[in-house]
Amino acid sequence: MWSVVNPFTSLSLSFRMCKMRRMDLISFQLWHLLCSLHSLVMGLLLDSHRRRALARLLLRLNTPLCVVSYLAGVFWFLGLAFSPLTQNTYISENAMGSTMVEEQFEGGEHAISFARDFIAQRRKTGSLPVAWLERTMRSVGLEVYSQSFSRTLPFPDETHERYMVSGTNVYGILRAPRAASTESLVLIVPSSPETLNAQAVGLLLSLAAYFRSQIYWAKDIIFLVTEHDLLGTEAWLEAYHDVNITGMQSSALRGRAGAIQAAVALELNSDVVTSLDVAVEGLNGQLPNLDLLNLFHAFCQKEALLCTLQGKLQHSDWASLGGSLHGLQTLMLMVLRQASGRPHGPHGLFLRYHVEAITLRGINSFRQYKYDMTAVGKTLEGMFRKLNNLLERLHQSYFFYLLPSLSRFVSIGLYMPAIGFLLFIPGLKALELWVKLNKADFGPEEQLGPNHSPAQPIGQDARGVALTPLVAPVLISQATGLALYLLPVMGQHVAAQHFPVAEAEAVVLTLLAIYVAGLALPHSTHRVVSSTPRGPDSGWMALKLLGLLYLAIQLGCISLFNFSLGFLLAVTMVPAAALTQPNGPRFLYAVLLVLVSPGATLLGSLFLWRELQEAPLTLAEGWQLFLNALAQGVLDHHLYGALLFPLLSLGLYPCWLLFWNVLFWK
Amino acid sequence: MAMAAPLVLHLLLALLLGSGGQSRAEPERDSLREELVLTPLPSGDVSATFQFRTRWDSELQREGVSHYRLFPKVLGQLISKYSVQELHLSLTQGFWRTRFWGQPFLQAPAGAELWVWFQDSVEDVDKSWKELSNILSGIFCASLNFIDSTNTVTPTASFKPLGVANGTNHHFLRYAVLPREVVCTENLTPWKKLLPCSSKAGLSVLLKAERLFHTSYHSQAVHIRPVCRDAHCVSISWELRQTLTVVFDAYTTGQGKKDWSLFRMFSRTITEACPLASQSYVYVDISRHGQENETLEVSPPPTSTYQAVVLGDRKTYAVYDLLNPATFSGSRSLNLQLKWKQLQDIESQLVPFLHAQRYVSGYGLQKGELSTVLHNTHPYRAFPVLLLETVPWYLRLYVHTLAITTKGKDNKPSYIHYQPAQDRLRPHLLEMLIQLPANSVTKVSIQFERALLRWTEYTPDPNHGFYVSPSVLSALVPNLVGAKPADWEESPLFSTMFPSSDSSSYFVRLYTEPLLVNLPTPDFSMPYNVICLTCTVVAVCYGSFYNLLTRTFHLEEPKRSRLVRWLANIIRRIRGVPPV
């Protein structure tokens, strides 16, 4: 996990090794520390006296250790935007590094006239003007193909107002001379009824015409216009790779251009732009190689364009407190977007196919200085020419990173400790419970001492944890999760028949209903099963122990592929999970537990997100957004294979129910 | 003896008359024909195919030949030393897009391709193959020395000898493709040096590297084969064909216009024929599909035209005989020009009957699928296709997943030959004879698993991917129009590369695009991580052992658990000792 950069392949090996990542050295030292700790602990555990002493220490220091660990995790995370933990970005890929060329694209006006034609044709046909696009692409000298697709959504999508979708993607391939079509680059423009992206289509055509007359191409370039934004993109990608993951019906592609090396998606809706926003977060929180972003940033600087990340400009003075706080804000936005696991632009769907991709959005706000199409075109020309130079796929730079601004990044080695600290807590608590559970049975026995008669029935293993009472709650929690996953979509028609709601509403409401019903359902199940003769606390302790381990494992796994999601869930669920017990202020615990349940976290995240974007939500708006987000989450899973919904419904929600069970054990 | 007598005479005459008079004394035993075919392609591009044929009436292997005139000595010696029956070498940069450019006269796969038939007198074919490829590597400055057992196959049916052959035991055939080979001027220069006129005169003056490599497609080849000396075919002659095909991109060079001229393409014009050549022709394809009205104009007007059925299509060629002084009568040089009177609609282009596409499907670095899509666009005739797939060993094919589907139904191949790969030794070889129904699309797919290589086996740029050589399709495609059998020796060179068996069909060999497959590539800073992990393991083991070894142990009252005590009591009871 610390070997993210790969310096070995390039010729500049020795040079790179000299400036070998600080992180590697740190991790090396950490390993050694761990080793010595391990042998120390081994030694301690081998001795029963010391073992008992250690257990006592553990019990006594448990709570302070947990608190310290939690605070350390949170503060480490907050500190990520500050200067020792962030580094300046740099282009690692040799092939893209030094060869600065002069961009000569001058087709800005041309692009705008193409865009006007596109709008006119769009109005005439009422959908994507396929014939016009094909003709125009052919006239600029491309090999043109189209692909039709159709998809019936699992339930009507209310935000985009679509249910049975059918459309056509059009793409033209610029064949590189003297190349055998083994590699290609993609420029993609999504077009849908609500966002036409006409100017982007115009720029794409204008760039295609310009690129066609150049002789330096070594990779084929695919100019792709997709209909119904992400649906079209998904259909095209699945057809290109000849797979069917999401049940999309589409015609086979007749033209291909080998392995796609990189893709750039473009969204533009005005003739001039004030800034370019870049989106990196892809499906399931996957990120493109950092070098692609660095490349974009390099051309932003070269063309003196205003470039934003998460809609935020870079702070002028990085070192100041204000700058760092600004960075933290950007970073939090990125964490929230990454945690959502949604593809934030068409590029997000390319990442599954190991194609590095980003989305560029032209923003036209009220700023003074505007850039025309030529400036945007030059940026794209520069990027494509550099990508054309690539010998290998982008792999030299980081794949796991967080961005406090376009020019600075936090590498995986530096942000992982934050989640490490948080996941330390369930471990500690579990250890404590284990010790307590053993002691509960140990204690009285020791007191009995020699009086303990051997005639007593000992067939029943008194030590350790009895697992039978745990079976029912665990099974019921999992079953509730399964119902949460399956029923809303399966039962939408039944619900729509019996209640005065539309299908889409039915799905969301069923989702909420099952979610809430889950709270009521399982918390007395253990009483149904034979009551345990064991100590009064051993039942819930065992359940909590199980829950803690389950939680830690899930969060650990999630944070490996989507740190943001893992961290967000850990920072909310871990303290509540650690605190929950059937004694003490149970009402307080219950409120806390409800507040950190996955659904509530989602609601809270929405509020936080809009707060960070400086567009705060009212409660009603928030609720509406929440319902939308639920529907979108389910749709994303069915349409693109996003994992957030199954992860929450099949993994974390049942786990959370276990703690709910613990709370109402008595 | 009869053969030796003229030689002696020849020598004597040479001694008597000096070096100048020898050729007049008896008919030449070798001859050169040169030919250039210019074809405007359906897509609007222009292809130029050069062929230089040297024919030598000599039995290279049997006679200890030491005097060479037109035939290059370096190749002649190669043939006699390694008992080569046939040799075909092509070096190609780019990919012939059959769908848009139509059938080529000679197709070649991207990269380097070499196939050789050895004579049945050769004992160790593999050794000869290895040495031959190394020598060719030196002659043509190509990386043919990378041909080894991991990329060499012996196809059983796809590559038949093109010349006169008495036996076709495929054990004497070797075939290899290097898809990664980059072809450039350093390969062109040695190829040009083999020409009798080098690049000094004749058609070869057009072969200027800076223009030839400013094209969409460049392919040069050398074909050596024995041919019949006369109609009776009692003795054989050796034929060396040097061919070169380039495709000029009319769009970028012509600013959108499709007109072309020799000067615009080659920045040279033709001034004379090669003095050593017995024939020197330039053909320009002026046939137009479907449209009767004159749409194009060639200048200067041709001296004659030639009509024939070429690759299943009736064609008309304007012929320029460079040995005929009338060709150069108007001006000192010949600058062929072609003008389009009305622009032809690109969309109405004719799609060739057979074309194919190949790709890798699936995602992730564990498994994948190789798919080859074969199109038969013939309106009413089905025909069989021989498909040859060579897959490197590091893609582990799952043969049970081989699926051939046409129009949604299973298509059973009538012949199938599969030779499994051996790790680091030989590639997979899959040959199939598949019947393609009329107007159909057939998909041949087979799944594979990507192997993990040893860390030294990765190429210097492992993240670029690994090449899989193209599949080869060989087919007898039925003609739409009947062809008259023509005299082989008299017809133009472009129609006599493949021997045709009958007039109702023509032979086509097609290559699909090569593939680039990514293998699971380790992070090459891994050695460092391995050191870390090893240190950890060693430290943990060492720590615990050291701890155990240096510890002092005290005797302590045993505190047994209930289970142990229970067990001990049982044993004690059995022994008759009071329990604890």
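Helix 6 of chain A is followed by Gly141(A), a residue with a positive phi, near 95°. The model described here is predicted. In chain A, the domain assignment gives domain 1 (94-406) and domain 2 (470-664), while chain B is divided into domain 1 (30-257) and domain 2 (354-517).

**Helix 6 of chain A**

- Helix 6 of chain A spans residues 130-139, and its buried residues are Trp132(A), Leu133(A), Glu134(A), Thr136(A) and Met137(A).
- An α-helix has 3.6 residues a turn, so residues three or four places apart point the same way.

**Domain interface of chain A**

- The C-alpha centres of domain 1 of chain A and domain 2 of chain A are 36 Å apart.
- Domain 1 of chain A brings 34 residues to the contact, and domain 2 of chain A brings 32 residues.
- The size of an interface is often given as the accessible area lost when the parts come together.
- Between them, domain 1 of chain A and domain 2 of chain A bury about 2,800 Å², with 63% of this area on carbon and sulfur atoms.
- Of the area that domain 1 of chain A buries against domain 2 of chain A, 24% comes from Phe155(A), Asn284(A) and Leu336(A), more than from any other three residues.
- Two salt bridges are counted between domain 1 of chain A and domain 2 of chain A.
- A salt bridge joins the side chains of Lys312(A) and Glu614(A), at 3.6 Å from N to O.
- Polar contacts across the interface of domain 1 of chain A and domain 2 of chain A amount to 12 residue pairs, both residues being at pLDDT 80 or more.
- On the side of domain 1 of chain A that touches domain 2 of chain A, the elements giving two or more residues are strand 2 (143-157), helix 8 (229-240) and helix 10 (321-340) of chain A.
- Helix 10 of chain A gives the most to this side, with nine residues.
- By class, this side of domain 1 of chain A consists of 16 nonpolar, nine polar and nine charged residues.

**Chain B as a whole**

- Chain B contains 11 helices and 26 strands.
- Chain B has 580 residues, of which 52% count as buried.
- Among contacts in chain B between residues at least 6 apart in sequence, residues at least 24 apart account for 76%.

**Domain interface of chain B**

- The C-alpha centres of domain 1 of chain B and domain 2 of chain B are 21 Å apart.
- The contact involves 40 residues of domain 1 of chain B and 41 residues of domain 2 of chain B.
- About 3,500 Å² is buried between domain 1 of chain B and domain 2 of chain B, 60% of it on carbon and sulfur atoms.
- Gln103(B), Ser158(B) and Arg180(B) provide 17% of the area that domain 1 of chain B buries against domain 2 of chain B, more than any other three residues.
- One salt bridge is found across the interface of domain 1 of chain B and domain 2 of chain B.
- Arg180(B) forms a salt bridge with Asp461(B), with the closest N and O atoms 3.0 Å apart.
- Across the interface of domain 1 of chain B and domain 2 of chain B, 17 residue pairs are in polar contact, both residues being at pLDDT 80 or more.
- Elements supplying at least two residues each to the side of domain 1 of chain B that touches domain 2 of chain B include strand 1, strand 2 (46-56), helix 4 (98-101) and strand 7 (217-228) of chain B.
- This side of domain 1 of chain B has 17 nonpolar, 13 polar and 10 charged residues.

**Two buried residues of chain B**

- Asp30(B) lies in strand 1 (residues 30-40) of chain B and is buried, with a relative accessible area of 5%.
- The side chain of Asp30(B) makes a polar contact with the side chain of Arg69(B) at 3.1 Å and reaches the backbone nitrogen of Leu70(B) at 3.2 Å.
- Beyond four places in sequence, the contacts of Asp30(B) include Arg55(B), Trp56(B) and Phe71(B).
- Ser440(B) belongs to strand 22 (residues 440-450) of chain B and counts as buried because its relative accessibility is 4%, under the 20% cut-off.
- Not counting residues up to four places away in sequence, Ser440(B) touches Leu374(B), His375(B), Asn376(B), Thr406(B) and Lys407(B).
- Ser440(B) and Pro379(B) are 9.3 Å apart in space, C-alpha to C-alpha, and 61 residues apart in sequence.

Conventions
Residues numbered from 1 in each chain as written. Chains lettered and ligands numbered in written order. Predicted model: local features only at pLDDT ≥ 70, side-chain atom pairs only at ≥ 80, totals over all residues. Heavy atoms only, no water. Domains from an automatic or database assignment. Contact = heavy atoms within 4.5 Å. Buried area = accessible area lost by both parts, 1.4 Å probe. Salt bridge = Lys/Arg side-chain N within 4 Å of Asp/Glu carboxyl O. Polar contact = N/O pair within 3.5 Å; in protein donor to acceptor, adjacent residues only side chain to side chain. Helix = DSSP H or I, 4+ residues; strand = E, 2+ residues; numbered from the N terminus. Nonpolar A, V, L, I, M, F, W, Y, C, P; charged D, E, K, R; others polar. Buried < 20%, exposed > 50% of the residue type's maximum accessible area, 1.4 Å probe, protein only.
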